[in-house]
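Here are some notes to read with the structure open beside you. Take the points one at a time and find each residue as you go.

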Amino acid sequence: MKVLACDGIHEDGLALFRDAGWDVVVAPAPIKDPDVLALALADVDAVLVRSATAVPAQALREAKQLRVIGRAGAGVDTIDVDAATARGIAVMNAPDGNTLAAAEHAISLLFALARHIPRADAGMKAGEWPKAGLTGFELEGKKLGVIGLGRIGGTVARKAQGIGMEVAAFDPFLPASAAGKGSVPLKTLDELLAWADVITLHIPRTKETTNLLSEARMRAMKKGAYLINAARGGLVDESALLTLLDEGHIAGAALDTFATEPLQADSPLRANAKLILTPHLGASTSEAQQAVSTILARQIIDFVATGAVAGCVNLPPLTAEAAREVGPWMPLMSSLGRLAARLVPAPTRLEITYAGRTEALDTRPLSRLLVAALLGTASGRVTPVNALQEAAARGLTVAETLGGDGDGFDRLLKLRVIGEHRTREIEATLHRGPRVVRLDGVEIEFDPQAHVLLLRNEDRPGMIGLVGSQLGAAGVNIVNFALGAAGDGQARAAITVDKPVTDEQLATLRATPGILSLAQV
């Protein structure tokens, strides 16, 4: 077996591979060119990366031997997980190994902001005595808003409480019912931004969280507040941040991660005196690098030797026998989990029914995969291995039922997703490929893996033509239009389109007379 180690993987992890008889090849520098990486992956069984070497789909095109991509850390946003899954490549991470290092770095940035430490140090080394203008503020009694209360965010919250700060949090993956159950009170994002003296980010970068702190949201922050991002680049609109710093609405900010890394030499961020910048040092401690390398090495060695799955973001735990039976269901479970998450944000209960012929179906890995997708596997934050534990921790009850009428289908999957203000029902099968066959009791058939618009409209003539004309004018081609009458004067439709619809196009469609609601999934 052969492993390629990129980005300075700690020697302790590489020693475990050598002890297991693996051939270890160490890349002398991060591999930035996908074509060069593709050549390097052509004859290896596993590759280890940190954040410097990205693994896009292009780099996997010749990776016929590659079985595992290992991320020595938590975030897998630099790895094309979907492309790896399509090629049967496991993607593993080691999220627990750098928790303390990342949390401590966020706290160090908090102190640096409060006391202007970088500016004071630079002035002293320039031969100055820069005391004037560097009056700081005390942290005790100040309000810290933590966005993301996972492993790292929770650790930051605990340490901030220890120095006397008042702490509250917003977590998009926690239902509102979880508020008050822990030591950190939960607020809505708008409430948190208006309340906090300092905001610190500890969430993954996903499609939903990209530019979470937009100009509008940063303007909703308390005037004179401070901002820390030691999580992932792209969570903050960097251009808008500069504007608000110049205006004085935000008093200062500290960034360890950036939308483009390495940060460009001519980036305007470098010239702003109110910004503290560090080059993605969150996990850069010797203890963290040693921990993530050994954790990852053990996971990969066990996976290749025995088929055991741990720390894997794209595969449920499976035996070889179970894999043959459940394999065809796996893409459907992932897509249904993502669909359910869009239909019911922060659900409190998920009811899964496997109806029809289920005697040979091991549903446990399927349910884990579904729950992981519902909670957000794309971020690497929840995997099928820990999905049920994470669900319990987040206040999501998962109930599973086997058997019952398949309603004419060999096997029929029924989901009931319950939130605090809404309940949605989805029925799906593998008949003629992965298909949703009913939504909220209305017969509508569509592929949940495609680009789909879910429409609720008045049940009257001309609506299909009206919507079709709007999409056609926007240059969007309709692949399939499934319509069902709800029996209440309304109709439901699932419109499969050939490409995502922009926010502006969605807004135009929503404003069309007769359209009651429209969501893109």
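1. Start with Arg349 and Glu351, whose side chains meet in a salt bridge, with 2.7 Å from N to O. Keep in mind as you look that this is a predicted model. As for the setting of the pair, Arg349 has a relative accessible area of 31%, so it counts as partly exposed. Glu351 is partly exposed too, because its relative accessibility is 22% and buried would mean under 20%.

2. Which residues are linked with Arg349 and Glu351 in a network of salt bridges? Look for Arg416 and Glu425: together with Arg349 and Glu351, they make up that network. The general idea is a simple one: side chains of opposite charge can pair when their charged atoms come close. How many salt bridges does a search of the whole structure find? It turns up 22.

3. Next, go to Arg460 and Glu458. Their side chains form another salt bridge, at 2.9 Å from N to O. With a relative accessibility of 38%, Arg460 is partly exposed, and Glu458, at 33%, falls in the partly exposed class as well.

4. You'll find Glu458 in strand β18, which covers residues 451-458. Setting aside the neighbours within four places in sequence, Glu458 touches Met463, Gly489, Gly514 and Leu516. Now try Asp440: 18 residues separate it from Glu458 in sequence, and the two C-alpha atoms are 16 Å apart in space.

5. One more pair to check is Arg492 and Asp488. They form a salt bridge in which the closest N and O atoms are 3.9 Å apart; that passes because the cut-off is within 4 Å. Asp488 has a relative accessibility of 46%, so it is partly exposed, given that exposed would need over 50%.

6. Now for a pair of helices. Two packed helices are described by the angle between their axes and the distance between the axes. The crossing of α12 and α13 is right-handed.

7. What meets what between these two helices? On the α12 side you'll find Met330, Met333, Ser334, Leu336, Gly337, Arg338, Ala340 and Ala341. They meet Leu366, Leu369, Leu370, Ala373 and Leu374 of α13. Sorted by type, the residues of this contact between α12 and α13 come to 10 nonpolar, 2 polar and 1 charged.

8. Last stop: helix α1, residues 11-19, where Gly13, Leu14 and Phe17 are buried. Viewed down the axis of α1, these buried residues fall within an arc of 100°, so they line one face of the helix. Just after α1, have a look at Gly21, which takes a positive phi of about 90°.

Note on methods
Residues are numbered from 1 along each chain as its sequence is written. This is a predicted model: local features need pLDDT of at least 70, side-chain atom pairs count only at pLDDT 80 or more; totals for chains, interfaces and linings use all residues. Side-chain values use heavy atoms; hydrogens and water are left out. A crossing is left-handed if the near helix is turned anticlockwise from the far one by less than a right angle, and right-handed if clockwise. Helices (H or I, at least four residues) and strands (E, at least two) are DSSP runs, numbered from the N terminus. Contact means heavy atoms within 4.5 Å. Ala, Val, Leu, Ile, Met, Phe, Trp, Tyr, Cys and Pro count as nonpolar, Asp, Glu, Lys and Arg as charged, and the others, Gly among them, as polar. Buried means under 20% relative accessible area, exposed over 50%, partly exposed in between (1.4 Å probe, protein chains only). The arc is that of the directions from the helix axis to the C-beta atoms.
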